[in-house]
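Please consider the model shown below. The paragraphs that follow lead through selected parts of it.

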Amino acid sequence: MTLLALFSFTIFRKQSSTPTLEYSLNQDPIRACFVILVRNSELNGIVHSIQQLEDTFNSKFNYPYVFLNNDEFTQEFITTTSSLGNAKKHYGKLDDQMWGYPSFINQTYAAECRNEMARWNIPYADSESYRHMCRFQSGFFFRHPLLDQYDYYWRVEPDVDYYCDIDYDVFKFMRDSNKKYGFTIAFREYIETVPTLWKTIMQFRDENHDVTSRWPSESESMYHFVTQDEGKSYNGCHFWTNFEIASLDLWRTNDYLKLFSYLDRSGGFFYERWGDAPVHSIAASLMLKKDEFHFFNDIGYRHSAYSHCPIQPEFRDKCSCDPNVNMDHNDPMSCYPVYESAIQS
């Protein structure tokens, strides 16, 4: 009996099967949080998201919430969100380095580029704040002092839905199975927003062999998730980063920091409209091995018009979503079939 008390159960889930139980010796507490970049004006939307997250998962585990804003949070925002569930809440403001134009960006030229993209009706073409957000999520959120104490995070957005009861600790699963990056939706980017991103990353690879020599080989990595023409171009596939469960150490590595700095100084966040989704996804696909990714099939999720709902019968009692409304295989914007092919290759 004494020996058995040293073990804990960890749930491992596969897309097409019911959960199985395996033993884990690691009893250390998980240093994890929810991280939320949100405006005061999005209070109702984030209340909606947190209520669902509490109902389906966090009321069982009480992981803390870290709220970040490029402005000061109002007392109404703090009072309202503090009353949601029993988990601790932390509130932080972004500094000028994290949210703003770096000194090497030509703001006049950036405005001209936004105007040109707007002529082509590209989403968020003329938005400055959207570009600041993408740059922050790509290279700075994990450097905010409020996140220093954590090893894992779950990114949460306003006005999203969580459809399924999750009765296991997803962060413990990530740690005990050595997963570094988890997702629910694989999406296709508007290529017009990232015309030079792949070329810039390939230039970084060619110029920084001290970094890229540590990366796994193309066959060991998810290289073929992001390119399907022998590396000539980016195919637009990315993990939709409005939902991420991942290791903060992935972005804190010198390898990623050096890559982000290279991308930042190229100007593509402002002269084009590089999103954090393609930046994170390409970087992770090049830097991680296949077995360090995880598709959270059992977490039903909706963001805007797109949703993932587990289609297997064993999830019907756990999920409130309609399995027929599931973009994985039935939507031209889905890159999940490409992920399946890459992970199996």
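H238 is placed in strand β10, which spans residues 237-239; helices (H or I, at least four residues) and strands (E, at least two) are DSSP runs, numbered from the N terminus. Residues are numbered from 1 along each chain as its sequence is written. The model is predicted, so that local features need pLDDT of at least 70 and side-chain atom pairs count only at pLDDT 80 or more, while totals for chains, interfaces and linings use all residues; side-chain values use heavy atoms, with hydrogens and water left out.

H238 counts as buried because its relative accessibility is 1%, where buried means under 20% relative accessible area, exposed over 50%, and partly exposed in between (1.4 Å probe, protein chains only). The side chain of H238 reaches the backbone oxygen of G236 at 3.4 Å. Contact is defined as heavy atoms within 4.5 Å. Apart from neighbours within four places in sequence, H238 is in contact with I185, A186, F187, R188, E189, F225, A277, P278 and S281.

One of these partners, F225, also belongs to the largest nonpolar core, which has 65 residues. A nonpolar core is a set of buried Ala, Val, Leu, Ile, Met, Phe, Trp, Tyr and Cys residues joined through side-chain atoms within 4.5 Å. The members that touch the most others are F136, F141, Y181, F225, W251, Y256 and Y339. Helix α12 (residues 276-287) supplies the largest share of this core, six residues. Beyond four places in sequence, W251 has contacts that include F141, Y181, Y256, H280 and A284. A second, separate core contains 45 residues, among them F34, I36, F77 and F171.

Most residues other than glycine have a negative phi. Y124, although not a glycine, has a positive phi of about 60 degrees. Y124 lies in the loop between α3 (107-119) and α4 (128-139), and it counts as partly exposed because its relative accessibility is 47%. S304 likewise has a positive phi, near 55 degrees. The place of S304 is the loop between β13 (301-303) and β14 (306-308), and its relative accessibility of 41% makes it partly exposed.

How far can the model be read? The predictor's confidence in each residue is given by pLDDT, from 0 to 100. The mean pLDDT of the protein is 93, and 93% of its residues reach 70 or more. Over residues 1-21, however, pLDDT stays under 50. Where pLDDT is low, the predicted coordinates should not be read in detail.

Methods
A polar contact is a pair of N or O atoms within 3.5 Å; within protein, one must be able to donate a hydrogen and the other to accept it, and residues adjacent in sequence count only if both atoms are side-chain atoms.
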